[in-house]
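Visitor: Please show me the sequence and the model, and then let us go through the structure together.

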Amino acid sequence: MKNNVILIGFMGSGKTSVGIRLSYHLKRTMIDTDKWIEQRQKMSISDLFAEKGEAAFREMETDCLKELIRTADHQIISVGGGLPMRKENHALLKELGKVFYLKITPEAVYERLKSDTTRPLLQVENPKEKIRALLEERAPVYEACADVAVEVSDKTFEQIIKEICAESR
Ligand code: S3P
């Protein structure tokens with residue numbers, strides 16, 4: 001097993017923002033699977049969903065994890081919100097390191113993402129309901145996939161980083 005710190009959780013749970021701060025605190029570089037895929041494909045996630053479809057994107061996520069198993073160690077890895085939904089990815093995540101689930105309420109996600117246009121899954125008529133339904137389906141899977149769950153809805157970055165650092169040593 002590799003010694004990476006993996007961040008999973010719903011869209012808007014702060015995986016990227018927490019990851020950047022953790023990378024500073026733990027003096028490790030950070031990889032974001034969405035960014036990794038965008039760079040490889042030379043296309044934004046929105047364009048990928050529109051032009052190649054979600055199924056193709058999910059394949060790319062699994063390919064990304066396989067590649068990271070070959071190349072990444074002692075890093076922070078933030079993964080797309082839907083990546084843990086593929087069973088096959090759980091074993092790959094475990095192989096990559098310790099998995100932290102950033103746990104957030106649907107209300108907090110809505111407040112954070114109500115003006116966001118970069119998440120194709122939330123560009124729907126009723127994003128509030130979509131967030132509620134998706135999170136209800138995903139929460140148990142995130143729990144099952146994670147080594148540690150960290151509540152983030154009402155916490156400062158400082159508190160979240162402190163909790164993760166305490167568990168990641
Ligand atoms: C998705 C989450 C996004 C991105 C894509 C699909 C999802 O990543 O991978 O839009 O299915 O939850 P973030 O969780 O970083 O927003």
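Guide: We may begin with helix α2 (residues 33-41), in which Thr33, Trp36 and Ile37 are buried; buried means under 20% relative accessible area, exposed over 50% and partly exposed in between, with a 1.4 Å probe and protein chains only. Helices (H or I, at least four residues) and strands (E, at least two) are DSSP runs numbered from the N terminus. The model is predicted: local features need pLDDT of at least 70, side-chain atom pairs count only at pLDDT 80 or more, and totals for chains, interfaces and linings use all residues. Residues are numbered from 1 along each chain as its sequence is written, and side-chain values use heavy atoms, with hydrogens and water left out.

Visitor: What arc do the buried residues Thr33, Trp36 and Ile37 of α2 cover around the axis?

Guide: Thr33, Trp36 and Ile37 are the buried residues in question. The arc is that of the directions from the helix axis to the C-beta atoms. These residues are on the same side of α2, because the arc they cover is only 95°.

Visitor: Against which elements do the buried residues of α2 pack?

Guide: Packing is judged here by contact, meaning heavy atoms within 4.5 Å. The partners of the buried residues of α2 are β2 (30-32), α3 (45-51), α4 and β3 (76-78).

Visitor: Which residue has a side-chain oxygen that reaches the backbone nitrogen of aspartate 34 at the start of α2?

Guide: A polar contact is a pair of N or O atoms within 3.5 Å; within protein, one must be able to donate a hydrogen and the other to accept it, and residues adjacent in sequence count only if both atoms are side-chain atoms. At the start of α2, the oxygen comes to within 2.9 Å of that backbone nitrogen, and it belongs to aspartate 32.

Visitor: Is asparagine 89 buried or exposed?

Guide: Asparagine 89 is placed in helix α5 (residues 87-96). Its side chain makes a polar contact of 2.8 Å with the side chain of threonine 62. Leaving aside neighbours within four places in sequence, asparagine 89 is in contact with Thr62, Leu65 and Leu83. Because its relative accessibility is 0%, asparagine 89 counts as buried.

Visitor: How many residues apart in sequence are the parts tied together by lysine 94 and aspartate 147?

Guide: The side chains of lysine 94 and aspartate 147 meet in a salt bridge at 3.2 Å, N to O, a salt bridge being a side-chain nitrogen of Lys or Arg within 4 Å of a carboxyl oxygen of Asp or Glu. Lysine 94 lies in helix α5 and aspartate 147 in the loop between α7 (127-145) and β5 (148-151), so the parts tied together are 53 residues apart in sequence.

Visitor: Where do glutamate 67 and arginine 70 both lie?

Guide: These two residues form a salt bridge, with the closest N and O atoms 3.4 Å apart. Arginine 70 counts as exposed, at 61% relative accessibility. Glutamate 67 and arginine 70 are three residues apart, about one turn of the helix, and both lie in helix α4 (residues 54-71).

Visitor: Which residues are linked with Arg86 in a network of salt bridges?

Guide: Arginine 86 and glutamate 88 meet through their side chains in a salt bridge (3.7 Å, N to O). Arginine 86 is partly exposed at 23%, and glutamate 88 is partly exposed at 39%. The residues linked with Arg86 in the network are Glu59, Lys66 and Glu88.
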